[in-house]
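Hi,

Here is the structure I promised to pass on to you.

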Amino acid sequence: MIRRLPRAAAVLALAVALAMSVAIAALLAGRGAGAAPNLVSNSAFDADVAGWAANNPETGLAFDSAAGNPPGSARLQAVAGTPPVAAEAVTACIDLTASGAGPGTYNLAADVLLPTSATAGDVIAVSVDLFADAACATPAGTVTAATSTLSDAWQPLSTTAPIATEQGAVIRVTLTAGAVGDNARFDNVVLSNGPADTPTPLPTDTPTSTPTATDTAVPTATDSPTLTDTATPTA
């Protein structure tokens, strides 16, 4: 008969389950560990447009509590000027040295709404103006993502900006309008040194299964046949 070892099997199953639990816990603990902070203040416009300013007299900038992704966004409008009008909203100078972000490939992104009521050819863009100094006095280049697609649905804009020695940045959102009165909205503006919400999983050990010992049936010995003398017939 072959004897089974249910206790050994149960111990193995428990060990494997424990190893998997440890691996999952480590992975969850690593979520967000490598996420880069968003350097844009008031990027989601939950209550107002504080921290942003109109960049010229042709620009109207206001908080829109109803529209947003989710609700709460900034409304940009061309209020004066000869078309095409550049209506612009900008942040204050972002000191990249103070933020500790350092060099890297930065992510620039925003959600925008360029409605179908706008003039055909209108463009909405998000830009990062880079500066050689932390006071944002010496320009060192601009990186931009833009769309001219008119849609009553929110659209994502994104691009990357390689930053090496630059020390300052200003985020600029521009509506290039073909008519005074045209408007657009923007929300969820991001500038981060790498993905702002990508977790970095921690390394985990891969559980190794241990074979379960089983008994091997031992065959029962059988007696060897007994030799018997055979009578030799008499001649």
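Val143 counts as buried because its relative accessibility is 18%; buried here means under 20% relative accessible area, exposed means over 50%, and partly exposed lies in between (1.4 Å probe, protein chains only). The residue sits in strand β8, which covers residues 139-147. Strands (E, at least two residues) and helices (H or I, at least four) are DSSP runs, numbered from the N terminus. Leaving aside residues up to four places away in sequence, Val143 touches Leu108, Val126, Ser127, Val128, Thr159, Thr160 and Ala161, where a contact means heavy atoms within 4.5 Å. Pro162 is 19 residues from Val143 along the chain, and their C-alpha atoms are 9.0 Å apart.

Before going further, a word on provenance: this is a predicted model, in which local features need pLDDT of at least 70 and side-chain atom pairs count only at pLDDT 80 or more, while totals for chains, interfaces and linings use all residues. Residues are numbered from 1 along each chain as its sequence is written, and side-chain values use heavy atoms, with hydrogens and water left out.

Now to the charged pairs. Searching the whole structure gives three salt bridges, each defined as a side-chain nitrogen of Lys or Arg within 4 Å of a carboxyl oxygen of Asp or Glu. One joins Arg185 to Asp64, with 2.7 Å between the closest N and O atoms. This pair links distant parts of the chain, Arg185 being in strand β11 (residues 183-192) and Asp64 in strand β2 (residues 59-68), 121 residues apart. Both Arg185 and Asp64 are buried.

Another salt bridge connects Glu88 with Arg172, the closest N and O atoms lying 3.1 Å apart. Here strand β4 (residues 85-91) holds Glu88 and strand β10 (residues 168-177) holds Arg172, 84 residues away in the chain. Arg172 also meets Asp129 in a salt bridge, at 2.8 Å from N to O. Asp129 is in strand β7 (residues 123-131) and Arg172 in β10, so this pair ties together parts 43 residues apart in sequence. Through shared partners, Glu88, Asp129 and Arg172 form one network of salt bridges.

Finally, strand β3 (residues 71-78) is mostly covered, with six of its eight residues buried. β3 pairs with β2 in the antiparallel sense over seven bridges; strands pair if DSSP finds at least two bridges between them. The two form a hairpin with two residues between them, and Thr59 has Ala78 of β3 as its bridge partner. β3 also runs antiparallel to β11, joined by four bridges, and Ala74 is partnered there by Phe186 of β11.

Best wishes
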